[in-house]
Amino acid sequence: EPEVTQTPSHQVTQMGQEVILRCVPISNHLYFYWYRQILGQKVEFLVSFYNNEISEKSEIFDDQFSVERPDGSNFTLKIRSTKLEDSAMYFCASSAQFNEQFFGPGTRLTVL
Amino acid sequence: DAKTTQPPSMDCAEGRAANLPCNHSTISGNEYVYWYRQIHSQGPQYIIHGLKNNETNEMASLIITEDRKSSTLILPHATLRDTAVYYCIVRIYSGSARQLTFGSGTQLTVLP
């Protein structure tokens, strides 16, 4: 069964450093998403992406965040200068048109 | 998207049916009811969705009341692996990359 994959599973970084979280969506999906979940809190939407541009973004997704689909398979989330409060699980998801979203296993980001 | 209300927690005996309620009294005519679950910090997993008719798939059944103001997710024979947080989400069934808004959900604990 096709699935969304994410790398790395755990990323540790120093405050102020840049991180790139990687996702490989399901191959025939056209819509891509990033969500995050701070420990013990709700899953929060960050951004959605379609046709090589951002469709929606939340207030969380400020200028420190960016997304990219650098090739036909990867979808990345970059945080330019990490803060302590960016520590969270980051989930990538993808969907076909009109269909449900499939989530990856997540990347645990720890900012020290 | 309409707001939903779910009980914070429920228990169910293994092998019995788990019935998870959700209230969505402000749902509008073009909004669907979606159910996802999250097993211990893994990525959320799609379960089922519906508009007004009852729906069934290999995982669960969804019963939507005639006035569409509430619904029930039924896991017919709960197993220990069904222990998870279950989220009821109401949103428009759209061709665009629309976000999912997760609430606090219901923590279902399946007891041996």
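A residue is called buried when its relative accessible area is under 20%, exposed when it is over 50%, and partly exposed in between, as found with a 1.4 Å probe on protein chains only. The views below show a predicted model, in which local features need pLDDT of at least 70 and side-chain atom pairs count only at pLDDT 80 or more, while totals for chains, interfaces and linings use all residues. Residues are numbered from 1 along each chain as its sequence is written, chains are lettered from A and ligands numbered from 1 in the order in which they are written, and side-chain values use heavy atoms, with hydrogens and water left out.

**View 1. Asn51(A), an exposed loop residue with a positive phi.** Asn51(A) counts as exposed because its relative accessible area is 59%. Asn51(A) sits in the loop between E5 and E6 of chain A, where strands (E) are DSSP runs of at least two residues and helices (H or I) are DSSP runs of at least four, numbered from the N terminus. The phi of Asn51(A) is near 55°, a positive value in a residue that is not glycine. Most residues other than glycine have a negative phi, and most peptide bonds are trans.

**View 2. Arg68(B), a buried loop residue with a positive phi.** In chain B, the loop between strand E6 (61-64) and strand E7 (70-75) holds Arg68(B). Its phi is positive, at about 65°, although Arg68(B) is not a glycine. Arg68(B) counts as buried because its relative accessibility is 9%.

**View 3. The cis peptide bond between Thr7(A) and Pro8(A).** The bond that joins Thr7(A) and Pro8(A) is cis, with an omega of about -10°. Pro8(A) belongs to the loop between strand E1 (5-7) and strand E2 (10-13) of chain A.

View 4. Leaving aside residues up to four places away in sequence, Thr107(A) touches several residues, including Thr7(A), Pro8(A), Leu21(A) and Met89(A), where contact means heavy atoms within 4.5 Å.

**View 5. The contact between chain A and chain B.** This contact takes 23 residues from chain A and 20 residues from chain B. Together the two chains bury about 1,700 Å², 54% of it on carbon and sulfur atoms; buried area is the accessible area (1.4 Å probe) that two parts lose on being put together, summed over both. On the side of chain A that touches chain B, the elements that give two or more residues are strand E4 (31-37), strand E5 (43-50), strand E6 (53-57) and strand E9 (88-95) of chain A. Of these, E5(A) gives the most, with five residues.

**View 6. The strands of chain B.** The secondary structure of chain B comes to zero helices and nine strands. The C-alpha atoms of chain B fill a box of roughly 40 × 30 × 25 Å, taken along the principal axes, and buried residues make up 45% of its 112 residues. Among the contacts in chain B with a separation of 6 or more, 58% come from residues 24 or more positions apart.
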